[in-house]
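Subject: Structure for your review

Dear colleague,

Please find below the structure that I am handing over to you. My findings follow it.

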Amino acid sequence: MTYRIEDFRKKQAKHSSCKNEVKKYGHQHNMTSSKQEMLNKNSFLESEQTLDNEIEEQVMQLFTSCNQATSIEKRIDEITDSLSQDFLTTIDSNTNIDLESLLEKFSDSKIPVQPTNFENYLKYIGNNVVAHSIHTSSPRFIGHMTSALPSFVRPLAKLMTAMNQNAVKIETAKALSFCEREALAMLHRQIYNFSDGFYTQHIQNNLSTLGILVSGGTVANITAVWCARNALLKPKDGFLGVEKEGLTAALNFYGYKGAVIIGSDLMHFSFDKAADLMGIGTHSLIKIPTDCNNRVDIQALRQTVINCRAKNLLIIAIVGVAGTTDSGGVDSLTDIAEIAQEANAHFHVDAAWGGPLIFSEQYRHKLAGIERADSVTIDGHKQLYLPMGIGMVFFRDPHLAGAIEKQASYTMRKGSFDLGKRALEGSRPGMALFLHAGLKLIGVKGYEFLINEGIRKTQYMAACISAMPEFELLAEPDTNLLTYRYIPKQFRGEFAQNKLTEIDNQIINIFNECLQKNQRQIGHTFISRTTKKDIKFGSESPIVAMRAVIANPLTTEEDIKTVLNEQIQIAAKILISSLI
Ligand SMILES: Cc1ncc(COP(=O)(O)O)c(C=O)c1O
């Protein structure tokens, strides 16, 4: 270790010190006019360009980690820290820049020939990217599943980048591979609560996979379905399995007429991707209607399973949703577990959003039945308050993921601890560092507090909406998502008497769409939008709904009122006659 650093330093000796280097960055040297012309093409560089023979030094300088106060890294750190602080303390959810102006800002397809001066570059990034980025941590940005992060993740991100581990294999992520397995085992235990002996046996057993860390809920869901498919159509009696022989051969061998995945019509669209990738086609993703509380119709689900079996279709998985994307509804997981068990089908729970309810004594009961799932998706970058890029899939059977295992002679050797051998992704960052830190630094009680607070504030917002004549609450919130709509003054009479016609609803839809877009464009506060059907009136036409997601611990009751009041103010300026 010491030898290698020394060796590198010797090589560096021919380059100037950090201090001198920074000086060079700051000065314009003599150069030919043609060179000047060429350099002028780089839009970031105006005055400070460097000579060709300095490029090597500049580039090498970028790779040194020098602790002097004047080092490039230190200086960049100062600038980015200041940008971060400004960004994090801005209360508005966005600037009102329009998309056309943004497109224009990013229309240069040429890579600069010479290295760019970092100060100019950071100024450019600050003005063009940071300034017009969405303040997902703003307490008034309550429309999506992305919110504020705990402060420890920001310095940890620097550490993670400094370590630059590649979690695909032990040779590039040694301790972190075991750290990742430990963190996944902790969450596995929170879901399944098996015995101490079970976890001692499997936590660091290279033949076992309690969970896989992936980039998000989409890959987690795809991975779950992939494992289910390969395990169901496994090698047998000389048949080499779906993995080697493909879907057509596998269905023929096992005597099926086709294969399906079944879940509610509120399943996340990652299952469309999964159906496509599994080779069954999106038409074989069967979507069962949901009730007025956004939960799958259990009777219809049961009947569909019976029909599929009667038609000799393989059910790859029955999916239960714990926290639908558009309204936070939680399916009756116990009922679905029952149906899946009877049909001998794989039961997957998509708890990408709602999974962390398992931390709450008060609300855990909503997820009853999750412990019977063969696989469970939970997103770290949603309600575990970790940075983007953390999804997980957990397995009841620690050997199920063996069905997707791959090996390669140069890596992923049999018997190794390489995490990439049972994963869709190859190279991936050491996000486990955040997961481990979150679980340790926030803990069960900390997450319980966060979950309970989100639901408490959602109920507060629901109560505000119900008490305001301007709004209609479209469904009682199951968790911390809320759907509602604005009722323009002209329609309040009919609305009160339950006499809104389909045409009335269509006009109210256009009004709500316009209101949501205007609010987003102004940028002070933010609520998202979705489309619901048959919510209350038995109306056939879809209903445009405002969608609030209350997960940001920084959001106060006052913020919630501000968001609603802003909607009322914006609505007052919308003329219905201009919309129709
Ligand atoms: C229920 C559910 N499942 C899966 C996903 C997909 O997660 P990701 O966007 O992390 O891929 C989402 C995303 O919102 C979701 O709400």
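Among contacts in the chain between residues at least 6 apart in sequence, what percentage join residues at least 24 apart? The share is 72%. Please note that this is a predicted model.

Overall composition. The chain has 580 residues, of which 40% are buried. Its secondary structure consists of 21 helices and eleven strands.

The ligand. A shell of 15 residues surrounds the ligand, and the closest of them are G216, G217, T218, T325 and A352. By class, the shell holds nine polar, four nonpolar and two charged residues. Helix α11, which spans residues 217-232, is the largest contributor to this shell and supplies three residues.

The nonpolar cores. The largest nonpolar core comprises 126 residues, and the members that touch the most others are I261, I316 and I318. Helix α17 (residues 432-467) provides the largest share of this core, with eleven residues. The core lies between domain 2 (160-446) and domain 3 (448-579), because both domains give residues to it. A separate core of nine residues lies apart from it and includes I487, F491, I508 and I570.

As regards I261, its contacts beyond the neighbours within four places in sequence are V225, F271, A274, A275, S284, L285, I316, A317 and V319.

Yours sincerely

Definitions and conventions:
Residues are numbered from 1 along each chain as its sequence is written. This is a predicted model: local features need pLDDT of at least 70, side-chain atom pairs count only at pLDDT 80 or more; totals for chains, interfaces and linings use all residues. A residue is near a molecule or strand if its C-beta atom, placed from the backbone, lies within 6 Å of it. Helices (H or I, at least four residues) and strands (E, at least two) are DSSP runs, numbered from the N terminus. Ala, Val, Leu, Ile, Met, Phe, Trp, Tyr, Cys and Pro count as nonpolar, Asp, Glu, Lys and Arg as charged, and the others, Gly among them, as polar. A residue is buried if 20 or more other C-beta atoms lie within 10 Å of its own, exposed if 12 or fewer, and partly exposed in between; C-beta atoms are placed from the backbone. Two residues are in contact if their C-beta atoms, placed from the backbone, lie within 7 Å. A nonpolar core is a set of buried Ala, Val, Leu, Ile, Met, Phe, Trp, Tyr and Cys residues joined through C-beta atoms within 7 Å. Domain bounds come from an automatic or database domain assignment.
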